[in-house]
Amino acid sequence: MGSPLVTLGLLLLLVATMLTIGTALTGQGLTALLRRPRALVAATAVNIVVVPAAAVALVHGLALDGPVAYGIVLAAAAPGGGTGALLTYHARGDLALGVSLQSVLAVLGLLAVPAWSLAAPYEGAPVGGEAGLQVVAMLLAQLIPIAAGMWLRARSPGTADRVQKVSRRVADVLLVTSTLYVLITTADRLTTIPVSGWAAFAALTLLSLAAYATPGLDSSAARRAVAMTTTIRNLSLALLVAGLSADAALVSLIVLAYGLVMYTVCGLALAPLRRTVRLGKDFAR
């Protein structure tokens with residue numbers, strides 16, 4: 001899936017992002033979310049069913065197969081990406097909803113990825129639970145910083161504010177650096193991806209962003225949160241599974257290329273999404 005530097009970068013980005021979100025959350029915010037579960041249920045269905053099903057339909061419809069098809073399905077089937085909540089924050093979305101949705105999806109993704117990968121037209125998929133310990137470690141890398149940040153917020157709000165400023169800047173730098181690193185180190189191989197593959201990346205990313213229109217969402221802040229959280233797939237999880245396939249290097253390249261399109265679209269979408277804020281009222285909810 002790449003060098004140890006990429007793996008370390010992904011891990012640090014995940015931890016910094018989760019600490020940023022945790023220090024912005026309160027227990028009251030999460031409790032309030034339980035009183036409106038329709039948004040969580042609807043958004044989970046979009047992430048676990050709609051987006052992966054669309055990926056399977058696309059690879060078959062575009063006659064894609066082998067490592068290219070497998071990489072696309074892996075990326076689309078892996079919900080709960082670590083930077084989804086971070087971009088929700090930047091989009092001024094409903095942070096409690098974004099983090100809660102991301103936490104649920106991180107767990108469900110452990111089942112969704114292997115299940116949907118069976119529908120990809122590819123014979124070299126890994127068999128068994130070889131990635132089990134790595135996946136569990138990734139889950140802990142998300143939940144522990146969130147819990148630590150929430151504890152700090154409850155115990156010392158001033159300290160939490162200072163920690164949040166630092167961790168947010170670190171996460172932003174790591175996000176930009178990781179994306180540029182992947183672009184630079186894989187540029188010579190990106191041209192080997194068929195045009196139909198790039199079309200699939202773009203179509204799935206735009207479909208994910210359209211989760212803004214998910215039924216049952218009660219505010220534009222909630223819609224921004226679901227749009228960002230859905231669009232950002234869990235590439236770390238997809239890369240772990242890709243690394244166990246018979247064509248690990250090529251499948252990983254497809255996942256990373258998906259990520260380049262995904263982050264580009266999200267970056268371009270931030271400004272129009274922020275314009276949907278109405279006098280800051282939604283962000284305060």
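How big is the volume of the largest pocket? It comes to about 490 Å³. Everything shown in these close-ups belongs to a predicted model.

**View 1. The largest pocket and what lines it.** A total of 30 residues line the pocket. Nearest its centre sit Gly9, Leu10, Leu13, Ser178 and Thr179. Looking at whole elements, α1 (4-22), α8 (157-190), α11 and α12 each give two or more residues to the lining. The top contributor is α1, which supplies nine residues.

**View 2. Ser236 in helix α11.** Here we zoom in on Ser236, a residue of α11, the helix that runs over residues 235-242. Is Ser236 buried or exposed? With a relative accessible area of 16%, Ser236 is buried, because the cut-off for that label is under 20%. Setting aside neighbours within four places in sequence, Ser236 touches Leu10 and Met138. Leu10 has already turned up among the residues nearest the centre of the largest pocket.

View 3. How many of the residues of α4 are buried? The count is 12 of 12, so α4 is largely enclosed by the rest of the structure. The buried set includes Pro67, Tyr70, Ile72 and Leu74, along with Gly66 and Gly71. Among the elements covering these buried residues are α3, α6 (95-117), α9, α11 and α12. As for length, α4 reaches 17 Å from its first C-alpha to its last, close to the 16 Å expected at 1.5 Å a residue.

**View 4. Helix α9, with its buried residues on one side.** This helix takes in residues 195-209, and its 15 residues should span 21 Å at 1.5 Å a residue. The end C-alpha atoms are 21 Å apart, which agrees. Its buried residues are Gly197, Ala200, Phe201, Leu204, Thr205, Ser208 and Leu209. They cover an arc of only 165 degrees around the axis, which puts them on the same side of α9. What sits on the face turned away from the buried side of α9? That face carries the exposed residues Val195 and Leu206. The cover over the buried residues of α9 includes α3 (37-61), α4 (66-77), α10 (220-231) and α12 (248-274).

**View 5. The Arg153–Asp161 salt bridge.** The structure holds one salt bridge. It links Arg153 with Asp161, and the closest N and O atoms are 2.7 Å apart. As a general point, side chains of opposite charge can pair when their charged atoms come close. Arg153 counts as buried at 17% relative accessibility, whereas Asp161 counts as partly exposed at 34%.

View 6. Most residues other than glycine have a negative phi, so what follows bears a look at the backbone. Ala63 is not a glycine, yet its phi is positive, at about 60 degrees. Ala63 lies in the loop between α3 and α4, and with a relative accessible area of 64% it is exposed. Arg92 also has a positive phi of about 60 degrees without being a glycine. Arg92 is found in the loop between α5 (84-90) and α6. Its relative accessible area is 34%, so Arg92 is partly exposed.

Key. Residues are numbered from 1 along each chain as its sequence is written. This is a predicted model: local features need pLDDT of at least 70, side-chain atom pairs count only at pLDDT 80 or more; totals for chains, interfaces and linings use all residues. Side-chain values use heavy atoms; hydrogens and water are left out. A salt bridge is a side-chain nitrogen of Lys or Arg within 4 Å of a carboxyl oxygen of Asp or Glu. Buried means under 20% relative accessible area, exposed over 50%, partly exposed in between (1.4 Å probe, protein chains only). Helices (H or I, at least four residues) and strands (E, at least two) are DSSP runs, numbered from the N terminus. The expected span of a helix is 1.5 Å times one less than its number of residues. The arc is that of the directions from the helix axis to the C-beta atoms. Contact means heavy atoms within 4.5 Å. On a 1 Å grid over the protein atoms alone, a cavity is a set of points where a 1.4 Å probe fits but cannot get out, and a pocket is an open set with protein on both sides within 12 Å along at least five of seven lines; lining residues have an atom within 4 Å of a point. Grid points are joined across faces, edges and corners, and a volume is the space filled by probe spheres set on the points.
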